[in-house]
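Q: Could you walk me through this model slowly? I'm new to reading structures.

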Amino acid sequence: MAFPKFFDFIKSIRERDRPVAQEKESTKRTDEQKGLWDLDAIFEKKDEEDVKCVNVLIVGAGSRGSCYTFYAMQFPKRMKVVGVADPRSCAREKIRDLHNIDEDKLFEDWTVAVEREKFADAVIIATPDRAHKDPAIAFARRGYHILLEKPMAVTPEDCCEIVSTCKENSVMLAVGHVMRYHPVSQKIKELMDSGAIGDIVHIQHMEPVGHWHFAHSFVRGNWRNEKESTFSLLAKSCHDIDLICYWMGKKRCVKVSSFGSLSHFTKENKPKDAGSRCLDCSVEETCPYSAKKIYLEKAEMGMFCWPTSVVCNDGIYDIESLTKALKTGPYGRCVYECDNDVVSNQVVNMEFEGGLTAAFTMMAFTHALGARVTTVYGSKGEIRCKGSTIEVCDFVAKTTYTVPAMHRVMIPMQLMAHGGADYYLISSFISAVAKDDPSLIQTGPDETLRSHLLVFEAERSRRESCVVQFDDDDKE
Ligand SMILES: NC(=O)c1ccc[n+]([C@@H]2O[C@H](COP(=O)([O-])OP(=O)(O)OC[C@H]3O[C@@H](n4cnc5c(N)ncnc54)[C@H](O)[C@@H]3O)[C@@H](O)[C@H]2O)c1
């Protein structure tokens, strides 16, 4: 495996630099403040930490399902992948080969896997959005602990049913709201709770989706059409509404309103002379959404990683199959001629108990991709955060200082998505199952259900042009 070699290299650098690190001790800053990785913890102790190796079944071995399995490669004493269910043979075979799975534990559909006598401790469900509810309910009834990708399901009723079934069957449920686990989110929460900026008054939070990312996923791709997946706020930003609720802590949201629309990616905006496919379009060079630019030019430089990996759906990564996919498949279509209907820009305003407020913006037309911009306003200061930089402005001391929120562990490359938050989610879930301790899961059933219900109500406000009074007690 390539990873251990890479990690050995990093370790040797750490050893080489140790005297420098010790010198820095004199400044009395902690390892965390210095931003040093706790390599000892991750390489030497972590693998011994949990008593039990958790056996996991993967349901849906696409981008997300396969990504979580790298945890088992990194920590084979903690997690073992023992089965996979996916209708695509290339997806099943990739997981089989990586994890030496027995042929009788490869399934074309999860319904066959769930009929077998229970053969794993947990299941990771990473099927498309509309295919979450049925497997979640079925595996919960079979006694499997569940890591369920977000969104939990596409209707409030289905989300409630998943939660109640997990509770009735005493199985743990973790939902893929990875952003909660990110050190930056944790640090913001810690600062807010510590009183560093006095009483909290307002949170302003913005998710820059990224212009080409929006075109890839929400115009041409899997999340473009509500009937096939779900509405944008749920598919893309349930993370962010969840984060705002997490930061607000015990204060519950009481009112919500929202506006949003699908801008630009419509037939009326198609440039004169544009073709139906980017590979035969005469104005492609002037289009920021050109499939040639997003996929082909990167592949020509040898880059077949996401999002190009999604386009080569048959698992063959070469220029020939990519060109064929762009000539015939969904990702080569003109962005002004797709069957997309999900909104590209949406705002959500929320009032919390005690008069606290929050404003969220989801925006497709950004240069940045994923690096959220957050400002928390308090009676004695401000917390400002852009990507991974946190600044605190103290109105009393009249100072502004930077607060580090570094990773304290070395995160395997394949779990670096969402700034490394994927690693913390899977690690917490595996520890929770191994130790039979649901408190290790930060994205458990109750809080996740509450933030999902808020997302559904925000969308109702957008559609019905009304302010919605939010009372989640009767639904939980
Ligand atoms: N947590 C996050 O930040 C995050 C990020 C991206 C996607 N997601 C969510 O994760 C889920 C999966 O997304 P993805 O990007 O991996 O999609 P994907 O299309 O790459 O993977 C989905 C997989 O499910 C398989 N599948 C379909 N029907 C199935 C069935 N009946 N039984 C078993 N497998 C089946 C497909 O063949 C495919 O391999 C979606 O719900 C998505 O919204 C979450």
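This is a predicted model: local features need pLDDT of at least 70, side-chain atom pairs count only at pLDDT 80 or more; totals for chains, interfaces and linings use all residues.

Q: What does the chain average in pLDDT?
A: The average is 90, and 89% of the residues score at least 70, where pLDDT is the predictor's confidence in each residue, from 0 to 100.

Q: And where is the pLDDT below 50?
A: Residues 1–7 fall below 50, and the pLDDT also stays under 50 over residues 9–40.

Q: How many helices and strands are there?
A: The secondary structure comes to 16 helices and 15 strands, where helices (H or I, at least four residues) and strands (E, at least two) are DSSP runs, numbered from the N terminus.

Q: What is the order of strands in the open sheet?
A: Its six strands follow the order S3-S2-S1-S4-S5-S6 with parallel pairing; two strands pair if DSSP finds at least two bridges between them. Strand S3 (106–107) and strand S6 (173–175) stand at the edges with a single partner strand each, so one side of each has no neighbour in the sheet.

Q: How many bridges are there between S1 and S4?
A: Strand S1 (residues 54–59) and strand S4 (residues 122–125) pair in the parallel sense over four bridges, and Leu57 stands opposite Val123 in S4.

Q: Which residues does Ala174 touch?
A: Not counting residues up to four places away in sequence, Ala174 touches Leu147, Leu425, Phe429, Ile441, Thr443 and Gly444; two residues are in contact if their C-beta atoms, placed from the backbone, lie within 7 Å. Leu147 is 27 residues from Ala174 along the chain, and their C-alpha atoms are separated by 4.8 Å.

Q: New topic: which residues are buried in H7?
A: In helix H7 (residues 133–141), the buried residues are Lys133, Pro135, Ala136, Ile137, Phe139 and Ala140. They pack against several elements, including S1, S4 and helix H8 (156–168).

Q: What comes just after H7?
A: Gly143 is found there, with a positive phi of about 90 degrees.

Q: At what angle do H4 and H15 pack?
A: H4 and helix H15 (residues 421–435) pack at about 65 degrees, with their axes 10 Å apart. Axes are lines fitted to C-alpha atoms, for helices over the stretch in contact, and angles run from 0 to 180 degrees between N-to-C directions.

Q: Which residues make that contact?
A: Cys67, Tyr68 and Tyr71 of H4 make the contact with Asp422, Ile426, Ser427 and Ile430 of H15.

Q: Last one: which strands pair with S8?
A: Among them, strand S9 (residues 345–352) runs antiparallel to strand S8 (residues 253–261) and is joined to S8 by eight bridges. Strand S15 (residues 468–469) pairs with S8 in the antiparallel sense over two bridges, and Lys255 has Gln469 in S15 as its bridge partner.

Key
Residues are numbered from 1 along each chain as its sequence is written. A residue is buried if 20 or more other C-beta atoms lie within 10 Å of its own, exposed if 12 or fewer, and partly exposed in between; C-beta atoms are placed from the backbone.
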